[in-house]
Amino acid sequence: MAEITLHYFPIYGRAEPVRMLLHYHGVQFNDHHVQLQDWPGLKTSGFSEFGQLPLLEIDGRRLVQSKAILRYVAEKYGYYPTDPRDIYFVESLSDFKEDVLNVTMPLMFRGEAEAVDKWYQESAPTVLQKIERRLVRNEGGNKFFVGKSLSMADFQIFGLIYDLFIIRNRANLVQTHAPKVYDFIQRALTSARLKAYVDSRPPSHV
Ligand SMILES: N[C@@H](CCC(=O)N[C@@H](CS)C(=O)NCC(=O)O)C(=O)O
């Protein structure tokens with residue numbers, strides 16, 4: 001089988017749901033961490049169509065744009081719905097997650113502790129409550145985010161909550177403002193492959 005390679009910086013960020021889905025599904029892939037000093041050369045080489053990472057080499061193609069990459073692997077491995085209503089719920093959640101990342105990633109990157117704390121205190125509760133409401137309106141919140149089976153949205157929200165709250169000692173915020181989401185995270189961690197991955201991955205530089 002042709003090799004699959006994911007190129008991204010040594011951070012979780014925009015590539016992590018793709019890594020999580022591939023690990024969960026048991027897909028072998030090379031997880032290439034591009035070091036910052038190597039990036040300017042790679043960027044100007046035209047390797048990435050839009051001059052950004054992540055980039056996934058798969059099926060003889062180079063795919064760019066993290067959400068499109070995730071959608072591609074979700075379709076390929078069976079985590080993308082076919083019903084238009086479910087597609088809407090997956091995509092709107094995906095866009096909401098992106099809105100959150102667009103705020104939090106620059107904050108984390110700049111490493112301004114005060115601004116980060118302010119975000120957790122003032123904005124995080126509302127974000128969590130919105131995600132909780134989405135989960136609860138599907139099957140009472142006891143299963144998946146969309147429909148009756150695991151979808152791309154579950155990987156995105158798992159990645160967002162796990163990396164933004166659980167590993168940053170903010171699990172209490174999730175328990176308080178999004179208890180069903182907290183249970184969802186615990187359920188996801190019963191997947192041996194996903195758990196093995198998150199327990200063994202290198203720390204994110206951001
Ligand atoms: N919309 C793009 C954004 C990609 C993006 O901003 N990538 C950043 C890292 S998270 C990057 O490549 N930065 C280096 C650069 O732009 O030179 C996506 O979702 O993939």
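Select H7 and E57 to begin: their side chains are joined by a polar contact of 2.6 Å, where a polar contact is a pair of N or O atoms within 3.5 Å, one of which, within protein, must be able to donate a hydrogen and the other to accept it, with residues adjacent in sequence counted only if both atoms are side-chain atoms. The structure is a predicted model, in which local features need pLDDT of at least 70 and side-chain atom pairs count only at pLDDT 80 or more, while totals for chains, interfaces and linings use all residues. Residues are numbered from 1 along each chain as its sequence is written, and side-chain values use heavy atoms, with hydrogens and water left out.

The side chains of H7 and H32 make a polar contact at 2.8 Å. H7 has a relative accessible area of 8% and is therefore buried (buried is under 20% relative accessible area, exposed over 50%, partly exposed in between, with a 1.4 Å probe and protein chains only). Beyond its neighbours within four places in sequence, H7 is in contact with residues including V34, F47, L53 and P54 (contact means heavy atoms within 4.5 Å).

Next, display the strands. H7 belongs to strand β1; helices (H or I, at least four residues) and strands (E, at least two) are DSSP runs numbered from the N terminus. Strand β1 (residues 5-8) pairs with strand β3 (residues 55-58) in the antiparallel sense over three bridges; two strands pair if DSSP finds at least two bridges between them. Opposite H7 stands L55 in β3.

Follow β3 onward to strand β4 (residues 61-64), with which β3 pairs in the antiparallel sense over four bridges. I58 is found opposite R61 in β4. Two residues lie between the strands of this hairpin, and D59 takes a positive phi near 50 degrees there.

Now select R19, in helix α1 (residues 16-25). R19 counts as buried because its relative accessibility is 2%. Its side chain reaches the backbone oxygen of I11 at 2.9 Å. Leaving aside neighbours within four places in sequence, the contacts of R19 include L6, Y8, F29, D31 and Y197.

Finally, move to helix α8 (residues 179-188), whose buried residues are V181, F184, I185 and A188. These residues lie on the same side of α8 because they cover an arc of only 100 degrees around the axis, the arc being that of the directions from the helix axis to the C-beta atoms. To see what covers them, show elements including α5 (113-136), α6 (152-164), α7 (171-177) and α9 (192-200).
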